[in-house]
Amino acid sequence: MPRQSPSLDRATPELIAETALSIVDRDGPQALSFRTLADRLGISHATVQRRCTDLAGLLDLCTDHLAAGIPSVAPGTEWARASEIRFRALYELLVAHPGLVALRGARPWLGPQLLARLTEPELAAHLARGLSAAQAMATYRRMYLLTLGCATFVDHRAPQENAARTRAALAALDPAEFPALTGHVGEILPVLTDHEVFRTALHQLIEAAS
């Protein structure tokens, strides 16, 4: 049986994911390529490709690496509290890596870690409460899409820059045509990058599901 190459031994999925994430976080999503990743790891382009096949496979690897950070909720935790813990953890992971979120776009997040740490326990909890499978999935999807949407459309790492851009855009509007926007700029801007918007909406969804 042929022996696996030393470079492939070194290129573990964990190391590939961590290195890819560091490239995206530091240099932006446009900087990620198999060649850049291989150079950073000190291995061949072909070795990275053997691990990931293509960019979609690499992004799946990174996503599942992050999903491993979603905590396992202690048995017996009340379902509403458990849901809040899981989805807030997912939100924080996504907010910390907006470049990865941008690269993945609308592709489904179906890695084994995400399914095991979020999807499966959430569905099981809803089924245990007496919901049908369709109702359980609908409840899960509402919370999931809220989390993904809130993390996707704002780069929370640069709130001042985002606020400045928004302020400039609002300042260019005609107050006669946009009185609601131009007349309340000071109150509107903080809400655009406030994590509390997500937290409150998640809590409301959980209460509604109760």
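1. Helix α2 crosses helix α3 in a right-handed sense. Right-handed here means that the near helix is turned clockwise from the far one by less than a right angle. Helices are DSSP runs (H or I, at least four residues), numbered from the N terminus. This is a predicted model: local features need pLDDT of at least 70, side-chain atom pairs count only at pLDDT 80 or more, and totals for chains, interfaces and linings use all residues. Residue numbers start from 1 along each chain as its sequence is written, and side-chain values use heavy atoms, without hydrogens and water.

2. α2 spans residues 13-27 and α3 spans residues 34-41; their axes lie 10 Å apart at an angle of about 110°. The two are therefore roughly perpendicular (65 to 115 degrees).

3. On the α2 side, the contact (heavy atoms within 4.5 Å) includes Leu-15, Ile-16 and Ile-23. Thr-36, Leu-37, Arg-40 and Leu-41 form the α3 side.

4. The largest nonpolar core has 27 residues. Such a core is a set of buried Ala, Val, Leu, Ile, Met, Phe, Trp, Tyr and Cys residues joined through side-chain atoms within 4.5 Å; buried means under 20% relative accessible area (1.4 Å probe, protein chains only). α6, α8, α9 and α13 each supply at least two of its residues. The largest share, 8 residues, is from α6.

5. Leu-118 and Tyr-144 have the most contacts inside this core. Leaving aside neighbours within four places in sequence, Tyr-144 touches Phe-87, Leu-90, Trp-109 and Leu-118.

Terms used: Axes are lines fitted to C-alpha atoms, for helices over the stretch in contact, and angles run from 0 to 180 degrees between N-to-C directions. Angles under 35 degrees count as roughly parallel, over 145 as roughly antiparallel, 65 to 115 as roughly perpendicular and the rest as oblique. Buried means under 20% relative accessible area, exposed over 50%, partly exposed in between (1.4 Å probe, protein chains only).
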